[in-house]
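I note each item as I find it.

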Amino acid sequence: MENQRIFIVEDDRKIAELLAGTLRKYQYNIAIVEDFECVVEECLAFDPQLVLLDINLPSYDGYYWCRQLRQRTMCPIIFISARSGDMDQVFALENGGDDFITKPFHYEIVLAKIRSHLRRSIGEYAPSQSERLIKKGAWKLFVERMELHVGDTIVPLQKKECVILELLMEASPKVVSRETMLEELWDDQSFVDENTLNVNMTRVRKKLTEYGVQSTIETLRGAGYRFLLAAEES
């Protein structure tokens, strides 16, 4: 399979460029992080099928970024680091990584591990079931990825934000009651304050606004919530 996308998070630009150059020879589509304050945003914009991640990075280390990425994507994450201790590898795996390569590395090993993980995630060994997708007009909700795509805009979601949109989009144009929302969002709603649902709905609307997506969630007092597409999207 050619042109598979790999995102490199490495602060040593020489190493990153050498690695990228080698991988491009094997027809991989490569992007290297530019702003180490925006690793997640750049990664999601590129939508990689695999991430190569260093540990020692500016501002936050690779363990932190791996945890952040794991909230947004399930693509394989391979750590590449000069750290060689057993606990470094343990921390990498416990923070969401899939594999660990120690520097200095042989390119043959890097390539073999990349091919192995891609075969398992999207290739011949990948699970046969298709990813769950909910579509409403230009809105596409990728449930397992916890991502909302509206045209060219990709909105990363937290778990509860994803559940709320899933309920609303599946039911649309019908109303989803507050009781149904509470049951799906919390296992024991008897301990949930009535205002907590309002707070979560506000967060969803705010997230959509931040990404320039016009909110189409209506509040029907005494009934619940409803998702409606704008006229031009219907």
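**Rings**

Tyr-64 is partly exposed, with a relative accessible area of 24%. My scale: buried is under 20% relative accessible area, exposed is over 50%, and partly exposed is in between (1.4 Å probe, protein chains only). Tyr-60 also counts as partly exposed, at 39% relative accessibility.

Before going on, I note that this is a predicted model, in which local features need pLDDT of at least 70 and side-chain atom pairs count only at pLDDT 80 or more, while totals for chains, interfaces and linings use all residues. Residues are numbered from 1 along each chain as its sequence is written, and side-chain values use heavy atoms, with hydrogens and water left out.

Next I set the rule for ring pairs. Rings of Phe, Tyr and Trp (its six-membered ring) pair if their centres lie within 6.5 Å; planes under 30 degrees apart count as stacked, over 60 as edge-to-face and the rest as tilted. The rule gives nine aromatic pairs. One of them joins Tyr-60 and Tyr-64, which are stacked, with 4.3 Å centre to centre and 20° between the planes.

I then checked Tyr-63 and Phe-91. Their ring centres are 6.0 Å apart and their planes stand at 75°, so this pair is edge-to-face. It links distant parts of the chain, 28 residues apart: Tyr-63 is in helix α3 (residues 62–70) and Phe-91 in helix α4 (residues 86–94). Helices (H or I, at least four residues) and strands (E, at least two) are DSSP runs, numbered from the N terminus. Tyr-63 is buried, at 8% relative accessible area, whereas Phe-91 is partly exposed, at 37%.

The charged end of Arg-145 sits over the ring of Phe-142, 4.0 Å from its centre.

**Helix α3**

Which residues of α3 are buried? I list Gly-62, Tyr-63, Trp-65, Cys-66, Leu-69 and Arg-70. They cover an arc of only 165° around the axis, so they lie on the same side of α3. The arc is taken from the directions from the helix axis to the C-beta atoms. Their cover includes α2 (39–46), β3 (50–53), β4 (77–81) and α4. Contact here means heavy atoms within 4.5 Å.

At the N-terminal end of α3 I see a cap. A side-chain oxygen of Asp-61 lies 3.1 Å from the backbone nitrogen of Tyr-63. For polar contacts I use N or O pairs within 3.5 Å; within protein, one atom must be able to donate a hydrogen and the other to accept it, and residues adjacent in sequence count only if both atoms are side-chain atoms.

**Cores**

I take a nonpolar core as a set of buried Ala, Val, Leu, Ile, Met, Phe, Trp, Tyr and Cys residues joined through side-chain atoms within 4.5 Å. The largest has 29 residues, of which Leu-141, Leu-148, Leu-168 and Met-181 touch the most other members. Elements giving it two or more residues include β7 (139–142), β8 (147–150), α6 (159–171) and α8 (194–210). The most comes from α6, with seven residues.

Leaving aside neighbours within four places in sequence, I find Leu-148 in contact with residues including Trp-139, Leu-141, Leu-165, Met-169 and Leu-208. Another core lies apart, with 23 residues, among them Val-33, Phe-46, Ile-55 and Ala-92.

Ile-55 sits in the loop between β3 and α3. It counts as buried, at 0% relative accessibility. Residues up to four places away aside, Ile-55 touches residues including Asp-61, Tyr-63, Phe-79 and Phe-100. Phe-100 is 45 residues from Ile-55 along the chain, and their C-alpha atoms are separated by 10 Å.

Asn-200 is in helix α8 and counts as buried at 9% relative accessibility. A polar atom of its side chain lies 2.9 Å from the backbone oxygen of Thr-196. Beyond four places in sequence, Asn-200 touches Lys-160, Ile-164 and Trp-186.

Thr-102 belongs to strand β5 (residues 99–102). Is Thr-102 buried or partly exposed? I log it as partly exposed, at 28%.

Terms used
Lys NZ or Arg CZ within 6 Å of the ring centre and 35° of its normal.
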